[in-house]
Amino acid sequence: MVTNIISLKNVRVYAYHGCLLEEAKIGSNYRVDMSVWCDFLKSAETDKLSDTLNYVTLNRIIREEMAIRANLLENVAWRIIKRIKTDFGQVKQIEIEVAKLNPPINGDVEAVSVKIIDKIVV
C-alpha cells in the first residue's frame, strides 16, 4: 500500500484573528502547516498537473480563509479543511496547524497554535 501526502509547510500570512479588539485592528503574523493525504499515483505516472492536488490551489485556499476574520484559530482551521474537502473529492485525510506568532498574552511565548486532524470516512 502506498501513502501519498502533499504538504505545505510554514505558510506565512498576516491576518486579523483574535478575541481582542486590538487584534482585529492591528493584526498579527500567522504560520500554517498542512498535510493532505490523497491518491496521486496517477499523476506520478502521467506527469500531469490535472491528475493531482495542486499545491498552488491549496495555498490559495489557506490565504483566502485566513483573510476572513475569526475570533478563534479553531474556526479558521476548520474552514480551510471544509474548503479542501469540498474542492477535492480525492482527499482521505487533512492535518492542519494554524499558529499565531508572538501572541498578545502575558509571557514570552513564540506561538500558540491549534491542530486539527480530519480523517475522511468514505
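Tutor: The following account concerns helix α3 and the core to which it contributes. The model is predicted, so local features need pLDDT of at least 70 and side-chain atom pairs count only at pLDDT 80 or more, while totals for chains, interfaces and linings use all residues. Residues are numbered from 1 along each chain as its sequence is written, and side-chain values use heavy atoms, with hydrogens and water left out.

Helices (H or I, at least four residues) and strands (E, at least two) are DSSP runs, numbered from the N terminus. Helix α3 covers residues 55-66; its 12 residues should span 16 Å at 1.5 Å a residue, and its end C-alpha atoms, 16 Å apart, agree with this. The expected span is 1.5 Å times one less than the number of residues. At the start of α3, a side-chain oxygen of asparagine 54 lies within 2.8 Å of the backbone nitrogen of valine 56.

A nonpolar core is a set of buried Ala, Val, Leu, Ile, Met, Phe, Trp, Tyr and Cys residues joined through side-chain atoms within 4.5 Å. In the largest such core, of 29 residues, Leu58 and Met66 are among those that touch the most other members, as are Met34, Ile80, Ile84 and Ile96. Two or more residues come from each of β1, β2, α3, α4, β3 and β4 (111-119). The largest share, 6 residues, is that of α4.

Methods:
Polar contact = N/O pair within 3.5 Å; in protein donor to acceptor, adjacent residues only side chain to side chain. Buried < 20%, exposed > 50% of the residue type's maximum accessible area, 1.4 Å probe, protein only.
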